[in-house]
Amino acid sequence: MDERVVAEMLKYMGPESSFGNPASRSHSFGWEAEAAVEMARKQVADLVGANPKEIIFTSGATESDNLAIKGVAHFNQKRGKHIVTCKTEHKAVLDSCRQLEREGYEVTYLDPMQNGLIDLEVLKDALRDDTTLVSIMHVNNEIGVIQDIEAIGKICRERKIIFHVDAAQSAGKVAINLEQLPVDLMSFSAHKIYGPKGIGALYVQRKPRVRLEAQMHGGGHERGMRSGTLATHQIVGMGEAFRIAKEEMVAENERLLKLRNKLYDGVKDMEEVYVNGDIDHRIAGNINISFNYVEGESLLMALNDLAISSGSACTSASLEPSYVLRALGRNDELAHSSIRFTMGRYTTEEEIDLTIEHVRQAVEKLRELSPLWDMYKEGIDIASIEWAAH
Amino acid sequence: MAVYLDNNATTALDEKVLEAMLPYMGQVTGNPSSVHRFGRLQKDAIEQARESVAQLAGARAEQVIFTSGGTESNNLLLKGFSQHAVARTSTEQETSARIAISAIEHMSMLEPAQNLPIEVDLVPVDTNGCATLHAVEQVVTEQTSLMSVMSANNETGVIQNLSPLIAFAHERDCFFHTDASQAAGKIPLSFVESGVHAMTLSAHKLYGPAGIGALVIDKRLPISKLQFGGAQEKNLRAGTENVPAIVGFGKAAELALADLQENSLHVRALRDTLEKGLKRFNTVTIFAEKAERLPNTVQFGVDGFDGETLLMQLDKKAIAVSSGSACASGKAEPSHVLTAMQVPATLANSAVRVSLGKNNTMSDVEALLIALNDIIEINRHSAVMMAANV
Amino acid sequence: MAYGKKVLDHYENPRNVGSFENSDEIGTGMVGAPACGDVMKLQIKVGNDGVIEDAVFKTYGCGSAIASSSLLTEWVKGKTLDEAQAIKNTQIAEELALPPVKIHCSVLAEDAINAAIADYRQKNN
């Protein structure tokens, strides 16, 4: 979390703070908390060009995705029970869709193109008269590619289909103007942009009004769409995180892009190195690379050492579940050999230098250990071997 | 600072709780190796908190499911149970399961109960605000498979006599849930010993942070999950764990249990003084006075007053109280709790709830009594004046 | 994922990495599949007395898979084929303190040595 965010949150934590329940209507403790919530609502709305009244606070992007997808599907079930999404979506979207399938809905899971982007023609072909909702993420959490949500939204508008966008990975990293974008619902998370965990939001467009079925009832908070006592300190933290992001995004993106290019330039001359996902339509702070014939988790072990030696976990590398890469059509070896590098507010150039050094060393060492690398060097086609799957 | 006497709406975060949360809110600095182990530490912290919450509830750690708060816990219980019951029933056969809940439950029980795929029966309360065994027997049918009666009411503070109701439920192989959001930290709880199958808890009612709660649940009680997108919380609640809030809840539970008797004696002494003072006003009626109540709560009506006006005037005198529950709708209907107790509407409309907390002092009580005296006296004078003018 | 000390040691300093030229005194076992994220190649050199004189490995897989195969090459040296075959995956898992999600790595190592022994026996029968 950003220290500035923590400082704002502390104003609403503890006996000397404005600790009231924002729903308390009969005293200043409640009003002060409510004012803080409304201020944060405006800060969240401002980053994405929305009206504050269109922002519903939730416990996180997972809840926002659940509320958007199941809420719209349930509300519109008389109109139709078909939903379109993509195979590379976040689990919160995919699992919500699977739940709807269990309830008797039909879901089309689009295959993205090899670069991770949605083929608009494929999307158009998937839409049906009974399609009520399209849910496509703005930025993929693993490969960082940015979908053309404006174009997708236009297609949905033409067919009067509600369009939900999971923007957990894009808010604060990509410019978003909901006043102009043809998007009906958008999920946000605070902790992905240096805000607190346990808080998120759902943008619900007012004109034309998007209606959905609440997932949680009891008290009618958040215009009836999400009941439950509002966690003032967390909401304030989210507001501050969004405010900072709005102020710093442009300069920060420039800095991150330089770091990312430096990292990629530092490893791309190695043999059998592949970038996963489109290199241009991608957020500045992400690059996902497959080091062929090196298993990802073993490489990650070497990079975790890096975190220790440099004293920072900010250049985080993590092993990715391969469903996203499989959806891109990557083969088994490449899918198991991928590493996601994310750079953020606290990543320094020195860390990038260290990362390059460690990656090169580790890849070389692990390839020495790899029977697949030997086979590749001997010119044996790994796909031609009959492996005994276990 | 104003006198805060609305501790049933929310409590100020305890400083020790805040202290426990802070390491999980800031950036990781200091000992670099802590970065590497931080993921592990967070998991340990969650499990430690789960143990503390379990101890407060008199339950086992593995029975504790963390949620975003009491509202979510109640929704998860009711919707999760009924969806599971419906899914179990074959499509041709209509599900016959029913749920019985008391008429004085919190809105986070009553509202979801109106949105269930199965039937719900309401158990009335007597004029003391108690759901008696007799009342339960009248309502429960052969089909009733889940009963829910809160441990203590948030408005009147009436403690329900659950033992005979739980025994009755056991006789009929019926599950029993209790919303202990208000009772926790104020009276002892014994999940396992009492024989309840599920219990709702909320952190911000016991000096913990808002935005975190728990559903304590016996694994014999089957529920479906409501929020999808991950296998967190024994696959009953998807979403990134809100670690600082969970840690805060754990610390708050630990303190609540350790200081239960001390806090209880403290607020009871204040409350008894307050009630003695209130009885000097012949226009004041204390609700459920004869019933066993939480030691911190008193709800009363003032004859001839409108509750809203009374609360406003108290707020002007820097005293923060409420009419009953902090609910978002801000509607001016008489409380459903008092209505269920057959309190006349005019008296119910004048309701003031005072809920004391561990931070309150005798001077707070005196300030309230002086303020009430002023308001009631002025009103009486103006009434006399008005009568004289006629 | 937290790794045990012994896994880290074998990962950082793997023992007996390498390959043997194929011949009658060599038994080779290659198990696993790229699709599953691990492939283990384990080779033994067997003397006339039926004792394993030397063993080498190459592994594509996670740290636990690398450690399991590295450890096993150390263990089988100087053992008869029967003795080597008697090594169970549970012994490997215990020695390396593998967490439950990594038990399959030790299973794979057991499969690898068994496959190498079978290969040797087939060649020499």
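In chain C, three strands make up an open antiparallel sheet, ordered β1-β2-β3. This is a predicted model. Chain A touches both other chains: 52 of its residues contact 59 residues of chain B, and 19 of its residues contact 23 residues of chain C. Chain B carries a three-stranded open sheet of its own, in the order β9-β10-β12.

**The sheet of chain C**

- The edge strands are β1 (26-33) and β3 (52-60) of chain C, and each pairs on one side only.
- From one strand to the next, the twist averages 10°.
- β1(C) and β2 (residues 38-46) of chain C run antiparallel and are joined by eight bridges.
- Within this sheet, C:Ala33 faces C:Asp38 of β2(C).
- Helix α2 (residues 63-76) of chain C lies across β2 and β3 of chain C. Its direction is at about 175° to β3(C).

**The sheet of chain B**

- The pairing in the β9-β10-β12 sheet is antiparallel.
- β9 and β12 of chain B are the edge strands, each with pairing on one side only.
- Neighbouring strands are turned against each other by 30° on average, direction ignored.
- β9 (residues 284-286) and β10(B) pair over three bridges, in the antiparallel sense. B:Ile286 has B:Phe300 of β10(B) as its bridge partner.
- β10(B) also pairs with β12 (residues 352-355) of chain B, antiparallel and over four bridges. Here B:Val298 stands opposite B:Val354, and B:Gln299 stands opposite B:Arg353.
- Helix α10 (residues 260-278) of chain B lies across β9, β10 and β12 of chain B. This helix runs at about 15° to β10(B).

**Strand β10 of chain B**

- Is β10(B) covered or exposed? The strand, residues 297-302, is mostly covered, with six of its six residues buried.
- In a regular strand, side chains alternate between the two faces of the sheet.
- B:Thr297, B:Gln299 and B:Gly301 point one way from β10(B). B:Val298, B:Phe300 and B:Val302 point the other way. Both sets are buried.

**Helix α7 of chain A against α2**

- α2(A) and α7(A) pack at about 30°, and their axes are 8 Å apart.
- The cut-off for roughly parallel is an angle under 35 degrees, so α2(A) and α7(A) count as roughly parallel to each other.
- The crossing of α2(A) past α7(A) is left-handed.
- On the α2(A) side, the contact includes A:Ala33, A:Ala36, A:Val37, A:Met39 and A:Ala40. A:Gln43, A:Val44, A:Asp46 and A:Leu47 of α2(A) also take part.
- On the α7(A) side, the contact includes A:Thr232, A:Ile235, A:Val236, A:Met238 and A:Gly239. A:Phe242, A:Arg243, A:Ala245 and A:Lys246 of α7(A) also take part.
- By class, the residues of this contact are twelve nonpolar, three polar and three charged.

**Helix α7 of chain A against α1**

- α1(A) packs on α7(A) at an angle of about 145°, with the axes 8 Å apart.
- This crossing is right-handed.
- A:Arg4, A:Val5, A:Glu8 and A:Met9 are the residues from α1(A). They meet A:His233, A:Val236, A:Gly237, A:Glu240, A:Ala241 and A:Ile244 of α7(A).
- The residues of this contact divide into five nonpolar, two polar and three charged.

**Chain A facing chain B**

- α4(A) gives the most, with five residues.
- This side of chain A has 14 nonpolar, 31 polar and seven charged residues.

**Chain A facing chain C**

- Two or more residues each come from α8, α10 (332-336), α11 (349-369) and α12 (371-377) of chain A.
- The side of chain A that touches chain C divides into nine nonpolar, four polar and six charged residues.

Conventions. Residues numbered from 1 in each chain as written. Chains lettered and ligands numbered in written order. Predicted model: local features only at pLDDT ≥ 70, side-chain atom pairs only at ≥ 80, totals over all residues. Contact = placed C-beta atoms within 7 Å. Nonpolar A, V, L, I, M, F, W, Y, C, P; charged D, E, K, R; others polar. Axes fitted to C-alpha atoms, helices over the stretch in contact; angles between N-to-C directions. Parallel < 35°, antiparallel > 145°, perpendicular 65-115°, else oblique. Left-handed = near helix turned anticlockwise from the far one by under 90°. Buried ≥ 20, exposed ≤ 12 C-beta atoms within 10 Å, placed from the backbone. Pairing = 2+ DSSP bridges.
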